[in-house]
Amino acid sequence: MAANFWASSHCKKLLDQDEVSKVAQADLERGFTPEDVKLMKIQFSSYIKSIGSNAKVRQRVVATAIAYFRRIYTRKSFSEFDPRLVAPTCLYLASKAEESTVQAKLLVFYTKKVRPTFTSLFPSTDDKAYRYDIKDILEMEMRLLEALDYYLVIYHPYRPLVQLLQDGNNTDMTAFTWSLVNDTYRTDLILMYPPFMIALACIYIASVLKEKDTRAWFEELRVDMNVIKNIAMEILDFYDNYRQIPEERIAAAVSKLLTRM
């Protein structure tokens, strides 16, 4: 792993809003809209988290897998790379990258176990309708490595969050801000901003909601508060509009993927 974020491939691969929200041409031809893609990413982030929770993998592995999943779909289309296979494969790859390997056969088992809670992603209850198995994960792993240009290092906001809370004597907000960071993985923020700035945005939101005056501390940090506020607005937009998504909205987006598969 690189000695620090600024020397890492993660830093060099940061994207802007247009790059992460662009819809691939193959998906446009199927009728996908930017909103459809956003909903798909949110739902599959939840799907990865559910598989990981059931398989009892470390939280960092889940976070890395979601980052891989989101980065891949800035380069590939849902039409080309079936997200129902990409999701567990990202977990498999992330478990290796984070030195906490999970066997592919366990991931296959848990993908089938959690399927009943993701009916919008798997409209059929027939196991034969989901045709992927261990060999498919192993084959997709190689394709994902190529799609990621073999850059597997992901830095997360968790460590800087703890350090920043200690620095500002705000450790009483640890649980709340940690929960906020968890929810940022249902957005593309990890692809767009340094992890410490995501952590700062979560602290900023927490301090406002808990009516804690952290203005002097933020001034001492000399960070660009416009960027921090932009990140905070993205997080709040998720809570306002995407935290609870009606199943029919997700099913409508997924149907555009499944009709020709």
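**Core, cavities and annotated spans**

Student: Which residues touch the most other members of the largest nonpolar core?

Tutor: Happy to start there, keeping in mind that this is a predicted model. The largest nonpolar core has 87 residues. Those touching the most other members are Tyr47, Phe69, Ile72, Val86 and Leu91.

Student: Why does this core lie between domain 1 and domain 2?

Tutor: Look at where its residues come from. Domain 1 covers 16-153 + 247-258, and domain 2 covers 158-241. The core lies between them because both domains give residues to it.

Student: Which residues is Phe69 in contact with, leaving aside its neighbours within four places in sequence?

Tutor: Good one to click on in the viewer. Contact here means heavy atoms within 4.5 Å. With those sequence neighbours set aside, the partners of Phe69 are Lys41, Phe44, Ile48, Phe78, Pro83, Val86, Ala87 and Cys90.

Student: Which residues line the largest cavity?

Tutor: Searching the whole structure turns up two cavities of 30 Å³ or more. The largest holds about 60 Å³ of space. Its lining includes Lys41 and Phe78, both also contacts of Phe69.

Student: How far apart do the end C-alpha atoms of residues 190-209 lie?

Tutor: An unreviewed UniProt entry labels this span "transmembrane region". In the model, the span is 90% helix and 0% strand. Its end C-alpha atoms lie 23 Å apart.

Student: What percentage of residues 159-237 is helix?

Tutor: The unreviewed UniProt entry gives "domain: Cyclin-like" for residues 46-146 and 159-237. For 159-237, the end C-alpha atoms are 24 Å apart, and strand makes up 0%. Helix makes up 75%.

Methods: Residues are numbered from 1 along each chain as its sequence is written. This is a predicted model: local features need pLDDT of at least 70, side-chain atom pairs count only at pLDDT 80 or more; totals for chains, interfaces and linings use all residues. Side-chain values use heavy atoms; hydrogens and water are left out. UniProt positions are given in the numbering used here, feature names are shortened, and annotations may be inferred rather than shown by experiment. Helices (H or I, at least four residues) and strands (E, at least two) are DSSP runs, numbered from the N terminus. A nonpolar core is a set of buried Ala, Val, Leu, Ile, Met, Phe, Trp, Tyr and Cys residues joined through side-chain atoms within 4.5 Å. Buried means under 20% relative accessible area, exposed over 50%, partly exposed in between (1.4 Å probe, protein chains only). Domain bounds come from an automatic or database domain assignment. On a 1 Å grid over the protein atoms alone, a cavity is a set of points where a 1.4 Å probe fits but cannot get out, and a pocket is an open set with protein on both sides within 12 Å along at least five of seven lines; lining residues have an atom within 4 Å of a point. Grid points are joined across faces, edges and corners, and a volume is the space filled by probe spheres set on the points.
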